[in-house]
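Biologist: I am new to this structure. Could you walk me through how to read it?
Modeller: Gladly. Let us look first, then take the features in turn.

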Amino acid sequence: MPQNSHGPLSTGLAGNSWTEDLRSSIDRSFDQTLARLKSLVAIPGIAWPSFDRAPLDRSAEAVAELLRGAGVEDVEILQCDKADGTPGGPAVVARRPAAGGKPTILLYAHHDVQPTGDVSLWDTEPFAAVEKDGRLYGRGAADDKAGIMAHIAAYAAVSEVLGSSLGLGVTFFIEGEEEAGSPTFRAFLEANRELLRSDVIVVADSSNWKVGIPALTTSLRGLVDGTIEVQVLEHAVHSGMYGGPVLDAPTLLSRLIATLHDDDGNVAVQGLVARDTANVELPEADYRADASVLDGVRLAGSGSIASRLWTKPALSIIGFDAPSVDAASNTLLPRARAKFSLRLAPGQVPGEAMEAVRKHVEANAPFGAKVTFTPGESGNPFLTDTSSRAATLAMWALGEAWGVKAVETGIGGSIPFIADLTEVYPDVQILVTGVEDPDSRAHSANESLHLGDFRNAILAEALLLARINSEGL
């Protein structure tokens, strides 16, 4: 392996001088990094159409200024229009060109945040970052403004320690509409294909295994959703006059929904990919606590809990159209409709999964009811090539920074824009990292960031940048 003035970077020894130089740089500036993170948390930049756009623009300007302050000269705020002609969220793109023969790494995060939800559920003001018991509380503190600051602080440390020997190309791509579903992401990629081209992409928008144990997210489930409508009558009729020979639509829809899972709670739709291959075990007690499962509720499915979360499909009914209890009358309802959400295992083609659900509901129409299936949105699953050079270096950097071996984990959720990245840049190596942990409560009240893990995440990324700069890919 190539060497440098700090000794062989490839040793992986926690005490090597390169690691200590970067750690010292990060520690010296950590209070400033934290202050800057707090200033970002104070900006309520929400990309949802129903919210004021001004704070979102202010958030982009603040990120751009931080990047300029880190020594990146080429900084732009860019956007694309949505399909309806309204502007998409403002993205910040900043570039340091690669020296001859050096690769380029793209660092992704997003500066927009989720709405606060019910403010009464928060113990602190959502947009006033508060330190308490080693954590920083506030909306966006973890998701994903900490990701932004991890990128900036890591770059600053590498720039200080390596100086003129830093030839690695670095592009920052800080999106401004991720929490709104990234409606212009694909158009933005197409419009800026060459500007964002790189050899490695680091997506800092995931979670570690737990506090004190880092993780590289190596798989994400895909997603399809849609609606299922059951109709049995032309119009509503009096339940006393006509009830008995015909069952109402909500009852029949409920019977149809019940066929979607077997008696153990496994998804019963034929043709879906499912594997019991997770290599990390998640204790049942931990899952029950994290998911707030009530005592006495039996968990669904078979195989390891980690596989049920990461490498098997999961189907939920997330909406149901029927009269409310308070407005109910003694009537046989002619139709009822439900919305399903199906998480897909890595390796599943979304179109094939959608067709499998359609065939299932049409084949299981109860009592000959008319069933109408309407497909909705879809997103591809993601699986990292863990044998790639970038993934190997990332696992090394995480273990070096935390002082414990990093684990490869999956995420039960989806990050649909990663599919866009893989389609536009099919040869790029994508690494999904993050600063969250199971207690971060992203999207919920009392969102928080573990400050010790945040510091380690900065060091891990700095080590990754230094190693790729030294050895290439």
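Modeller: Start with pairing: two strands count as paired if DSSP finds at least two bridges between them. Keep in mind that this is a predicted model.

Biologist: Which residue of strand 15 is the bridge partner of Leu220?
Modeller: The partner is Phe382. Strand 8 covers residues 215-220, and strand 15 covers residues 382-383. These two strands pair in the antiparallel sense, over two bridges.

Biologist: In which sense do strand 8 and strand 16 pair, parallel or antiparallel?
Modeller: Parallel, over five bridges. Strand 16 is made of residues 407-411. There, Glu408 stands opposite Leu216.

Biologist: How many residues of strand 8 are buried?
Modeller: Buried means under 20% relative accessible area. Six of the six residues in strand 8 are buried, so described as mostly covered under that cut-off.

Biologist: What does the record say about this part of the chain?
Modeller: An unreviewed UniProt entry carries the annotation "domain: Peptidase M20 dimerisation" for residues 219-366. In the model, the end C-alpha atoms of that span lie 37 Å apart. The span is 28% helix and 23% strand.

Biologist: Now a helix. How do I read one?
Modeller: An α-helix has 3.6 residues a turn, so residues three or four places apart point the same way. Next, check the length.

Biologist: What should the 18 residues of helix 4 span?
Modeller: At 1.5 Å a residue, they should span 26 Å. The end C-alpha atoms of helix 4, residues 145-162, are 26 Å apart, which agrees.

Biologist: Why is helix 4 described as largely enclosed by the rest of the structure?
Modeller: Because 15 of its 18 residues are buried. Gly163 follows helix 4, and its phi is positive, near 60 degrees.

Biologist: How should I read phi and the peptide bond?
Modeller: Most residues other than glycine have a negative phi, and most peptide bonds are trans. Now look for the exceptions here.

Biologist: Which peptide bond is cis?
Modeller: The bond from Asp143 to Asp144 is cis, with omega near 10 degrees. Asp144 sits in the loop between strand 5 (135-137) and helix 4.

Biologist: What is the phi of Asp133?
Modeller: It is near 55 degrees, a positive value in a residue other than glycine. Asp133 lies in the loop between strand 4 (130-132) and strand 5. Asp133 is exposed, with a relative accessible area of 77%.

Biologist: And where is Phe367?
Modeller: Phe367 is in the loop between helix 10 (350-363) and strand 14 (370-379). Its phi is positive, about 55 degrees, although it is not a glycine. Is Phe367 buried or exposed? It is exposed, at 63% relative accessible area.

Biologist: Does Ala70 count as buried or as partly exposed?
Modeller: Partly exposed, at 22% relative accessibility. Ala70 is in the loop between helix 3 (54-69) and strand 1 (74-78). Ala70 and Ser159 are 89 residues apart along the chain, and their C-alpha atoms are separated by 9.0 Å.

Biologist: How do I read empty space?
Modeller: Rolling a probe the size of a water molecule over the atoms shows where empty space is left. Take a pocket, then the cavities.

Biologist: How much space lies in the second largest pocket?
Modeller: About 230 Å³. It is lined by 15 residues, and the closest to its centre are Thr218, Ser219, Thr277, Thr311 and Leu383. Strand 16 gives the most to this lining, with three residues. Strand 8 supplies at least two. By class, the lining has four nonpolar, nine polar and two charged residues.

Biologist: How many cavities of 30 Å³ or more are there?
Modeller: Two. The largest cavity holds about 150 Å³ of space. Of its 15 lining residues, the closest to the centre are Leu398, Thr433, Ala457, Ala460 and Glu461. Strand 7 (200-207), helix 11 (389-402), strand 17 (429-436) and helix 13 (451-471) each supply at least two lining residues. The lining divides into eleven nonpolar, three polar and one charged.

Biologist: What is the volume of the second largest cavity?
Modeller: About 50 Å³. Its lining includes Gly89, Phe173 and Phe188. Strand 6 (169-175) and helix 5 (185-191) each supply at least two residues there. By class, that lining has four nonpolar, three polar and two charged residues.

Terms used
Residues are numbered from 1 along each chain as its sequence is written. This is a predicted model: local features need pLDDT of at least 70, side-chain atom pairs count only at pLDDT 80 or more; totals for chains, interfaces and linings use all residues. Side-chain values use heavy atoms; hydrogens and water are left out. UniProt positions are given in the numbering used here, feature names are shortened, and annotations may be inferred rather than shown by experiment. Helices (H or I, at least four residues) and strands (E, at least two) are DSSP runs, numbered from the N terminus. The expected span of a helix is 1.5 Å times one less than its number of residues. Buried means under 20% relative accessible area, exposed over 50%, partly exposed in between (1.4 Å probe, protein chains only). On a 1 Å grid over the protein atoms alone, a cavity is a set of points where a 1.4 Å probe fits but cannot get out, and a pocket is an open set with protein on both sides within 12 Å along at least five of seven lines; lining residues have an atom within 4 Å of a point. Grid points are joined across faces, edges and corners, and a volume is the space filled by probe spheres set on the points. Ala, Val, Leu, Ile, Met, Phe, Trp, Tyr, Cys and Pro count as nonpolar, Asp, Glu, Lys and Arg as charged, and the others, Gly among them, as polar.
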